[in-house]
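Me: I'd like to learn how to read a protein model, one feature at a time. Could you walk me through this one?

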Amino acid sequence: MEIERVLFELRNLIDTMPNFHNSASNTPEGRMWLGRAAAMVEAGGSSLDAAGFVLAMDAVIGESNSYRHGQAVSKAASILFRTFARVESQSTPNLQGAYIPAGNSFDALAAIARVFSLATTELFIVDPYSDEKLLRDFAPLAAENVLLKILVDPFYVKSSLKPAVERWQSQFQNRPLEARLTSPRQLHDRLIIVDDKEVWIVTQSFAHLAERAPASVTRFESEAADSKIGQLPYHVGCRTADINQPGRAIRVRHCKTKPFRAHEQASSDLAQALS
């Protein structure tokens, strides 16, 4: 597992740690948290800590003696914090990126603003679940004359994005915008690509960034960034088809794909594709 993912998951686990001194160890949520924590401690690289966490986890779940149960809870927490510190110390400053606690909407805005400020020519945003919030709250953070490209998935994209794109293109002459569709259910990552060379992963959609759960914005190292850019789809030939979404049906254009940066001539924009 990539180190940025391990680092984020460990942060998330620490932020959402249940109160195992009460009855959380007997709930499905508490046991699921313990299972995720065990996997991340193992991914953190210490076999000794991984084995110790499993023993502590078993005691947290099954120990009836309150004193020994409390000791097991403390041991599990200590191992988790130690693993986080070790993984963080092994990561580069760029990889550490920004961690956004749940509910900190201003921190989310500031984290995205720092990434957007790096762009001098273009920002390429990949978000399958985009809605109008991407343009209303985040896109204005980009500098003027920086080309903004948005890639969305027709199965997940919200209908509010189309009128937002149309109004943006109508109003802003010095803020160019292109929005594109992939084939349905093809996108999974949420990415920001700066000037076609620097890739940042955003762990949640811009539509709900850090609203109900912690999020992070993390930079890929150069080789991983090149790989991500090369894998991104961009449509070059389309046919019309119906896509059913919960509560509605949208008529979209299914498209063959190839890497975004290899496609020199832009085809239909999002507004046309969703018509």
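Predicted model: local features only at pLDDT ≥ 70, side-chain atom pairs only at ≥ 80, totals over all residues.

Me: Which residue does Arg-36 form a salt bridge with?

Reply: The partner is Glu-9, and the closest N and O atoms are 3.2 Å apart. Arg-36 belongs to helix 2 (residues 28-43) and Glu-9 to helix 1 (residues 3-15), so this pair ties together parts that are 27 residues apart in sequence. Glu-9 has 17% relative accessibility and therefore counts as buried.

Me: Which other residues of helix 1 are buried?

Reply: Besides Glu-9, the buried residues of helix 1 include Val-6, Leu-7, Phe-8, Leu-10 and Leu-13, and also Glu-4, Arg-11 and Asn-12. You can check the length of the helix as well: at 1.5 Å a residue, the 13 residues of helix 1 should span 18 Å. The end C-alpha atoms are 18 Å apart, which agrees.

Me: Back to charged pairs. How many salt bridges does the structure hold?

Reply: There are 11 salt bridges in the structure. One of them joins Lys-133 to Glu-211, with 3.0 Å between the closest N and O atoms. Lys-133 sits in helix 7 (residues 132-138), while Glu-211 is in the loop between strand 6 (198-202) and strand 7 (215-219), so the pair ties together parts that are 78 residues apart in sequence. Lys-133 is buried, at 14% relative accessible area, whereas Glu-211 is partly exposed at 36%.

Me: Which residue meets Arg-136 in a salt bridge?

Reply: That is Asp-137, at 3.0 Å from N to O. Asp-137 is partly exposed, with a relative accessible area of 28%. Salt bridges can also form a network, as they do where Asp-49, Arg-82 and Arg-86 are linked.

Me: What does Glu-132 touch, leaving out residues up to four places away in sequence?

Reply: Glu-132, which lies in helix 7, touches Ser-160, Leu-161 and Ala-164. Another way to look at a fold is to compare distance in sequence with distance in space: Glu-132 and Val-165 are 33 residues apart in sequence, and their C-alpha atoms are 8.0 Å apart. Glu-132 is partly exposed, with 25% relative accessible area.

Me: Now the sheet. In what order do the strands lie?

Reply: Here is the general idea: strands of a sheet pair through backbone hydrogen bonds, either parallel or antiparallel. In this model, an open sheet of seven strands has the order 1-7-6-5-2-3-4, and the pairing is mixed. Strand 1 (98-100) and strand 4 (177-181) are the edge strands, each pairing on one side only. On average, neighbouring strands are turned by 15 degrees against each other, direction ignored.

Me: How many bridges join strand 2 to strand 3?

Reply: Five bridges join strand 2 (residues 122-126) to strand 3 (residues 147-152), and the two strands run parallel. Look for Ile-125, whose bridge partner in strand 3 is Ile-150.

Me: Which helix packs on this sheet?

Reply: Helix 6 (residues 105-116) packs on the sheet, touching strand 1, strand 2, strand 5 (191-194), strand 6 and strand 7. The direction of helix 6 makes about 160 degrees with that of strand 1.

How values were computed. Residues numbered from 1 in each chain as written. Heavy atoms only, no water. Salt bridge = Lys/Arg side-chain N within 4 Å of Asp/Glu carboxyl O. Helix = DSSP H or I, 4+ residues; strand = E, 2+ residues; numbered from the N terminus. Buried < 20%, exposed > 50% of the residue type's maximum accessible area, 1.4 Å probe, protein only. Pairing = 2+ DSSP bridges. Axes fitted to C-alpha atoms, helices over the stretch in contact; angles between N-to-C directions. Contact = heavy atoms within 4.5 Å. Expected span 1.5 Å × (residues − 1).
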